[in-house]
Amino acid sequence: MLDPQMPGSEVDEAFEEFVRGRSTHLFRLALALTGWDRTAAEDVLQIAFERAYRRRRQLFRHGSAEPYVRRVVVNAAIDWRRTRRRRAEQSLDAAIGMAAADQTGQVADRDALVRALAALAPKQRAVLVMRYWDDVPDAEIAAALSCSAGTVRSQASRALARLRELSGDRSFPRSEYSTRGENHE
Amino acid sequence: MNDIRNDIQQRLRDAITAAVNGAEPSFDVMIAVRRRRRRSLRRLAAAGAAAVAVVATTATLLAAQHALPGQRAPGAATTTLFPGGGRLLLAHAGALRWLYPDGRTIRIPGKFNGASVSAGELLAWKYSKVGTSYYTMRLDGSRQRLVLPAFHDSKLSAIGGQLSPDGSKLAYIQQKMVSQGNATDTAWVLNLATGKRTDLGAMFDSAFAWLDDATILTTAPDGKSLVLISVATGRSSRYVAVTTPALVGAYEHAQPGAGPPEFIGSDGVRGSGASARVAVWLAAKHRLGAVTRPAVVVLHARTPVVTYAPKTPDALGFTWGPGDLVLLQTGAGDGPGTWQAYAATLQSGRPSRPVPGGMAGATFNPVGNVMALQDGGTLTFVATPRPACEHTTRCLAFQPTALPQSATVQAWLP
């Protein structure tokens, strides 16, 4: 944790170090959240870092800027998807391109999952990506999405069920946790 | 089941990792951020002159919204921020505040992400880097008491906290991240007077309700029945199951052709003792294994009183309202355009006409003649439709109106 009284130049250095260290990971998060739209992911990343830059003194005073930046990335990506989305199939093209580059033996399975993931509704995709790829605890996902942890769990459950339908995979379980609708704390 | 679940999580993880592998931003992020920042500053400067005119017209409203506790802003006497009277407990940006229709605001001291009202006091929670912590306090935010500190363990978190009806105990779910996003859930009860914690065992999902001050109603670990758990002993007994004839009959009557229910859950309790009404959520299994055609059956003494089964492709939410009123929310996933809210009563399973919205929740005003529908940070107020509103003091008629500020409603009290 940084000293709250640190001079401005040190805050700037800490911020730059954070950007250097985490920009690749956060860019990949943005890429997954935008349905593998590279231009949109770069835009989302810039928005997030610009906002974090404005608040850098407060952010580093409280330890890590990552939860805040992740939250901005997630919400900017959701906003971008909602304003752009006309049909889910739009995002499949980009997803196909990414998956096609994968030449391993599991290409078909990954291709189906990536395509299905890209076709999910933005918030559902955000829950799955943060939960299963980024290992973010439910409470932090809830904070990022401004909802309850219970809602995160029900979203994850519905998203997995939808993923199964979209990918045509019958080996998915009926539900990971709750089989319910919304659950608001 | 765990093997299958872990396999899916691993496949998802592998698929995403493979898809993003090697991806890097095509520019120097730091330079781009500085450039973008300069551009936005220029836009702000250009917009400054135009903003002056806007500020003049919005100043009255803002002043009303940010007035000191209990005070009314000058010139705001005639402003009505929302219909339905009472006071709203709102959460926004890590803060809680009470908002009155005339714009008066009472801020709850400290940073909190959400709260519920029980036994005449607030149960508030906050997220932080070290976990979720719970506090009790008076409705005005005074006498704050930390009742459940954060676990200071990134693998452990407390979710779904609920105070018992008498406010003496806190029930919550302890979620443990085992590995790679795989979590286990355990129900716990904390005696607020003694600090003693009791492990109530594994949970099927995060939904539970206090039946009375000594008993919790939740779903059995197999997901096929509802069980009553004594918080004193941790012993459980079956309440109803998906095979209970009365439930099967009520469900099949409400959802003809769906077949018998396969899934069950608790949607909360109204009243206590002999007068308690219990809402039971039921659903059938889709041919691909997914949940389909949900319905809510309200039981009194384990006998169906009424069943709600509005047309819905996916999710069905249920919220108890004042008196005989209930709220139903239906929708598909997080498609904002698919969510609708219905008002209904305990006298009839036929709900009122649907009103759009309510994806993130819905609640009645204290009288029941206004509904607040939450979609993201937007709160929209609509008049409770007939015939449900006829069970209140009077039906209102007004155009849907949105709260002119982003917030999430936590409670609506007189």
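Which residues does Phe151(B) touch, not counting residues up to four places away in sequence?

## Surroundings of Phe151(B)

Phe151(B) touches Gly131(B), Leu156(B), Ser157(B) and Ala158(B), where contact requires C-beta atoms, placed from the backbone, to lie within 7 Å. Gly131(B) is 20 residues from Phe151(B) along the chain, and their C-alpha atoms are separated by 5.8 Å.

Phe151(B) lies in the loop of chain B between strand S7 (145–148) and strand S8 (156–163). With 16 other C-beta atoms within 10 Å, Phe151(B) is partly exposed; a residue is buried at 20 or more such atoms, exposed at 12 or fewer, and partly exposed in between, with C-beta atoms placed from the backbone.

## Basis of the model

This is a predicted model, in which local features need pLDDT of at least 70, side-chain atom pairs count only at pLDDT 80 or more, and totals for chains, interfaces and linings use all residues. Residues are numbered from 1 along each chain as its sequence is written, while chains are lettered from A and ligands numbered from 1 in the order in which they are written.

## Chain A and helix H7

Chain A contains nine helices and zero strands; these are DSSP runs numbered from the N terminus, helices being H or I of at least four residues and strands E of at least two. Of its 185 residues, 60% count as buried.

Helix H7 of chain A covers residues 122–133. Its 12 residues should span 16 Å, in agreement with end C-alpha atoms 16 Å apart; the expected span is 1.5 Å times one less than the number of residues. H7(A) is largely enclosed by the rest of the structure because 12 of its 12 residues are buried, including Trp133(A). Asp135(A), which follows H7(A), has a positive phi near 55°.

Technical notes:
Two residues are in contact if their C-beta atoms, placed from the backbone, lie within 7 Å.
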